[in-house]
Amino acid sequence: MGINARSFLELKGDLVYLRKLDKEYLEQYWENLSNSSIESTIFTGTQQVFSKSDTEEYLEHISKDRGRIDFLIFSKESNKLVGEVVINDIDRNNRGASTRVSINRKEDFNKGYGTEAMILSLNYGFGMLNLHRIELEAFSFNERAIHVYEKIGFVREGIRRDGCFFNNKYYNMITMSILEEEFREKYNNEDLLENFND
């Protein structure tokens with residue numbers, strides 16, 4: 001895994017590399033959102049259709065938000081944009097944050113992209129952002145994602161009953177978190193950090 005200064009940040013894994021989302025990627029990002037598969041929409045609970053101008057305004061907004069960092073996920077094999085992983089709601093006083101990951105097209109599911117992207121971003125969150133706790137929420141029916149999160153090291157904490165209203169139905173949300181010491185025990189930070197360079 002490595003880091004360089006281009007567009008502020010790039011993280012590299014074996015399968016994917018992450019780049020900080022900014023206005024430079026407007027065309028790719030909007031196209032990726034527009035062509036998201038129905039499965040991606042269902043699992044992320046996305047209910048809004050974004051126009052290109054909406055997307056441009058969104059990128060402008062998040063560029064000023066110091067409480068988040070958005071990464072685009074690119075396949076190393078194809079250099080194709082496949083999704084995004086976000087650390088948001090950063091609470092520097094309590095050293096906590098939330099995270100989410102999305103792989104946008106069905107043909108890119110089950111390739112390990114989301115898992116590796118999440119591990120790279122967690123390493124950044126616990127290391128560079130000095131976070132202690134990172135949490136996420138998953139739909140109770142999204143057993144595949146919950147299994148992956150548990151495999152990464154997230155622990156189930158509870159259920160937010162009827163926490164999301166999607167497609168005329170309420171769904172429970174599973175709250176999960178991972179702590180810095182749990183992450184460090186599971187992943188050898190020396191291996192994760194050995195290729196960091198400017």
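Mentor: Start with a pair of residues: Val86 stands opposite Arg100 in β5. This is a predicted model, in which local features need pLDDT of at least 70, side-chain atom pairs count only at pLDDT 80 or more, and totals for chains, interfaces and linings use all residues. Residues are numbered from 1 along each chain as its sequence is written, and side-chain values use heavy atoms, with hydrogens and water left out.

Trainee: What makes β4 and β5 a pair?

Mentor: Two strands pair if DSSP finds at least two bridges between them. Seven bridges join β4 to β5, and the two run antiparallel. The strands themselves are DSSP runs of E, at least two residues; helices are runs of H or I, at least four; both are numbered from the N terminus.

Trainee: How do you know that β3 pairs with β4?

Mentor: Six bridges link β3 (residues 69-75) to β4, in the antiparallel sense. Ile69 faces Ile87 in β4. The two strands form a hairpin with five residues between them, and Asn79 in that turn has a positive phi of about 60°.

Trainee: Why is β4 called largely enclosed?

Mentor: Buried means under 20% relative accessible area, exposed over 50%, partly exposed in between (1.4 Å probe, protein chains only). Nine of the 11 residues of β4 (residues 81-91) are buried, so the rest of the structure largely encloses this strand.

Trainee: Why is Asp89 called exposed?

Mentor: Its relative accessible area is 55%. Asp89 sits in strand β4. Its phi is positive, about 50°, although it is not a glycine. For background, most residues other than glycine have a negative phi.

Trainee: What makes Arg95 partly exposed?

Mentor: Arg95 has a relative accessible area of 27%, so that label applies. Arg95 lies in the loop between β4 and β5. That hairpin has four residues between its strands. Phi of Arg95 is near 55°, again a positive value in a residue other than glycine.

Trainee: Which residues of helix α5 are buried?

Mentor: In α5 (residues 143-152), they are Ala145, Ile146, Tyr149 and Ile152. They lie on the same side of α5, because they cover an arc of only 120° around the axis. That arc is taken from the directions from the helix axis to the C-beta atoms.

Trainee: What does the opposite face carry?

Mentor: Turned away from the buried side are the exposed residues Glu143, His147 and Lys151.

Trainee: What covers the buried residues of α5?

Mentor: The cover includes β5 (96-103), α4 (113-127) and β6 (133-139), among others. Contact here means heavy atoms within 4.5 Å. After α5 comes Gly153, with a positive phi near 135°.
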